[in-house]
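Work through the exercises below with the sequence and the structure at hand. Each task is followed by a solution that goes step by step.

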Amino acid sequence: MDVKNNILETIGNTPLVRLNRIVKDLPCTVLAKVEYFNPGNSTKDRMALKMIEVAEAEGRIKPGATLIEGTSGNTGMGLALGAIVKGYKCIFVTTDKQSQSKVDILRALNAEVIVCPTNVEPDDPRSYYSVAARLAREIPNSFHFNQYDNLANRLGHYETTGPELWEQTDGTITHFLTTAGTGGTITGTAMYLKEQNKDIQVWAIDVEGSLLTKYYRTGEVDMNEVHPYISEGFGEDFVPGNYDMSVIDHFEQVSDKEGAVWARKLAKEEGLFCGYSSGSVMAGLMRLKDKLKPTDVVVVLLCDHGSRYVGKIYNDQWMAERGFFEVKTFKDLVSARGRQRLITIEATEPVSAAVELMKKYDIEHIPVADASGALVGSISENGLFQKVFANPDIRTHKVEQVMEGPLAEVALDTPVEKIGSLISKEQGAVLAKDESGNYQIVTKYDVLQALA
């Protein structure tokens with residue numbers, strides 16, 4: 001029987017998948033090492049297991065020990081799996097930048113999770129680096145892995161990721177790209193690949209706001225390079241000990257927006273539902289495409305699964321709030337704002353009822369329906385404002401006596417520019433039916449919000 005003795009034995013040997021549509025403009029073969037096939041859904045399972053094994057072999061972990069680590073979520077997942085199988089406890093320290101789903105997953109695996117502020121210096125006592133170190137000093141029979149400086153991190157990739165890529169490509173790999181964080185994945189994999197063929201190019205993808213790129217280029221740790229960024233799981237405000245910059249051939253920085261947009265493209269065009277850093281790797285590849293030729297075989301490492309980012313990069317409203325969502329049509333406007341039930345009022349209702357609806361839902365425009373539900377007109381806050389001055393008793397009138405013409409109705413794929421031309425002082429909103437046949441409304445405020 002082909003049976004694994006425990007979940008840890010399923011780590012590694014992840015598939016290499018050819019990319020097609022998303023790289024149609026590139027001259028070469030591009031292959032994706034899809035690491036979310038690991039049991040913890042990320043490449044960090046490899047180094048987490050290796051760090052545990054090395055610590056056990058060195059006698060640093062005793063039975064019943066408490067494992068402590070500062071983690072963006074993925075390393076914690078791998079350590080939690082190891083702790084469950086081997087009978088350890090876990091305390092993980094993370095930052096308030098990480099998605100809530102990552103925290104929830106760690107807690108589901110019986111780990112205690114402490115959330116620390118992101119925007120503090122690494123040596124600040126509130127930072128997640130400092131808190132993890134303090135806990136390790138205070139808790140008896142505990143061990144702090146310190147994945148940043150723990151060389152078992154890169155050893156895990158030297159022993160597994162590198163050999164797998166060499167074998168899966170039959171030694172034809174010419175380029176390897178992954179994001180730069182702790183340094184373990186890129187350094188360990190690069191060390192092995194360069195031993196097989198010193199001409200293999202290793203490109204590190206960094207994020208704007210990290211100091212790693214400037215450090216690679218100048219050897220200078222420049223804190224002026226550091227500023228807050230949204231991307232998760234890579235980039236640093238210090239240089240971890242796992243790095244050996246001599247095995248890396250190039251550093252490229254990408255923006256938060258690029259990473260988010262390209263992650264969504266991976267899902268929509270290749271069916272690869274990946275995390276933030278996977279999109280960043282693709283963004284970096286696209287920036288460097290002019291360096292590639294037809295005979296190249298490029299491998300990009302896709303670190304983790306998209307399920308941990310559903311509330312972020314895969315949420316249209318989250319994307320729109322940060323200016324990452326490209327708004328082109330009525331449908332995009334609705335997605336950016338969030339779908340809402342259309343509030344209507346019957347023509348025979350009093351104007352006072354319309355005013356109450358506007359106050360209750362904080363809206364300016366209400367379509368007016370007849371007894372059959374057909375939309376026959378509209379009423380607006382601006383229109384009522386003018387009419388109240390002319391006749392203060394208008395609140396007791398029926399809506400049909402004061403209503404304006406029906407709101408313009410457009411197709412769901414109507415361009416934003418066309419919608420803008422339809423919205424005026426007199427007509428402040430337009431309607432369209434969505435895929436379910438329900439009306440959605442877009443106002444001038446929605447257009448301004450999306451385009452701003």
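A residue counts as buried under 20% relative accessible area and as exposed over 50%, with partly exposed in between. The model examined here is predicted.

**Exercise 1.** Classify the ring pair of Tyr36 and Phe37, and then the pair of Trp318 and Phe324.

*Solution.* A pair of aromatic rings is described by the distance of the centres and the angle of the planes. Centres within 6.5 Å make a pair, planes under 30 degrees apart count as stacked, and planes over 60 count as edge-to-face. The centres of Tyr36 and Phe37 are 5.4 Å apart with their planes at 20°, so this pair is stacked. Trp318 and Phe324, with 6.1 Å from centre to centre and 70° between the planes, form an edge-to-face pair, and both of these residues are buried.

**Exercise 2.** Describe the open sheet that contains S11, S12 and S13.

*Solution.* The three strands follow the order S11-S12-S13, with mixed pairing. Strand S11 (345-346) and strand S13 (375-380) are the edge strands, each pairing on one side only. S11 pairs with strand S12 (residues 365-369) in the parallel sense over two bridges, and Glu346 has Ala369 in S12 as its bridge partner.

Notes
Residues are numbered from 1 along each chain as its sequence is written. This is a predicted model: local features need pLDDT of at least 70, side-chain atom pairs count only at pLDDT 80 or more; totals for chains, interfaces and linings use all residues. Side-chain values use heavy atoms; hydrogens and water are left out. Rings of Phe, Tyr and Trp (its six-membered ring) pair if their centres lie within 6.5 Å; planes under 30 degrees apart count as stacked, over 60 as edge-to-face and the rest as tilted. Buried means under 20% relative accessible area, exposed over 50%, partly exposed in between (1.4 Å probe, protein chains only). Two strands pair if DSSP finds at least two bridges between them. Helices (H or I, at least four residues) and strands (E, at least two) are DSSP runs, numbered from the N terminus.
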